[in-house]
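Have the model open while you read.

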Amino acid sequence: MISSQAHLLATATGPHLYWITSRAAGIAALVLSSLSVCIGLLMGGRLMRGRGPDLRATHEALSLATLAALLVHGLTLIGDGFLRPTLADIAVPFVSSYKTLWTSTGIVAFWAMLILGLSYYARTRIGMQRWRRLHRFTALAWVLGLAHSLGEGTDAGQTWFLAMTAIVVLPALSLLALRWLGASREPQAGVA
Ligand code: HEM
């Protein structure tokens, strides 16, 4: 019974297996990156300072899981028989003719997340102060990833997709807004 159901599922998804896998991985990347941004902002903000568990390991695990999901998201597209993208189509902005602007937004977001994320492991070489300033741009990369998800995805018009996105994205956006408001109110160095 179970094996015949599995066979039915494999037959139904067969020609679209790569496409479906890529989309599922894209959705996983959006959820994981949103949670990671939330935890990162809670760690650095006043809300959690000095209280609660050490969230650093969770933040790191979510960030690495995001990068893994993004690799699956991009690379499985190469197997899609309809789109048939080359490596350049999925890795270089403005090369793909498929929804060029939104695909390019995703590619820029991916490279930014990869470079900014992995720069953590070179933070002592970069210098802590400089690395912290650099790390703030991760939020921008995440916003680009969000724009790509809403602009490009087949599921972007579906209620379940919008509800799921709202659940993970709204808390992160609120924390980001609080951070920017707080930063703009902080007195500038050298200003009385
Ligand atoms: C190498 C970079 C990337 C490439 C080449 C890429 C490519 C694509 C393509 C072609 C689609 C269209 C799928 C469809 O029409 O349903 C898509 C959808 C999507 N992408 Fe990306 N993307 C990249 C990066 C990202 C990033 C950084 C995120 C988020 C963190 C992301 C999240 C999503 C989501 C959530 C969807 C919607 C899936 C759906 O509607 O089922 N992608 N991406």
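1. Start with the ligand. Four helices, α2 (17–44), α3 (56–75), α5 (100–118) and α8 (137–152), each put at least two residues into the shell around it. The biggest giver is α2, with 6 residues. Bear in mind throughout that this is a predicted model.

2. Who sits nearest? Out of 25 residues around the ligand, G26, G106, G145, G153 and T154 come nearest. Sorted by class, the shell holds 11 nonpolar, 11 polar and 3 charged residues.

3. Now look at α8. The buried residues in α8 are T138, A141, W142, G145, L146, H148 and S149. They cover an arc of only 160° around the axis, which means they lie on the same side of α8.

4. Buried along α5 you'll find T103, T105, G106, I107, A109, F110, M113, L116 and G117. Their cover includes α3, α4 (87–91), α7 (128–135) and α8. Note that G106 turns up here as buried and also among the residues that come nearest to the ligand.

5. On to the largest nonpolar core. It has 22 residues, and A29, C38 and M113 touch the most other members. Two or more residues come from each of α2, α3, α5, α8 and α9 (159–185). Once again α2 leads, giving 8 residues to this core. For C38, leaving aside residues up to four places away in sequence, the contacts are P171, A172 and L175.

6. One spot away from the helices: P15, in the loop between α1 (2–13) and α2. Is P15 buried or exposed? It counts as exposed, because it has 12 C-beta neighbours inside 10 Å, and 12 or fewer is the cut-off for that class. Still, P15 has D80 at a C-alpha separation of 8.2 Å, though the two are 65 residues apart along the chain.

Definitions and conventions. Residues numbered from 1 in each chain as written. Predicted model: local features only at pLDDT ≥ 70, side-chain atom pairs only at ≥ 80, totals over all residues. Near = placed C-beta within 6 Å. Nonpolar A, V, L, I, M, F, W, Y, C, P; charged D, E, K, R; others polar. Buried ≥ 20, exposed ≤ 12 C-beta atoms within 10 Å, placed from the backbone. Arc of directions from axis to C-beta. Core = buried A, V, L, I, M, F, W, Y, C linked by C-beta atoms within 7 Å. Contact = placed C-beta atoms within 7 Å.
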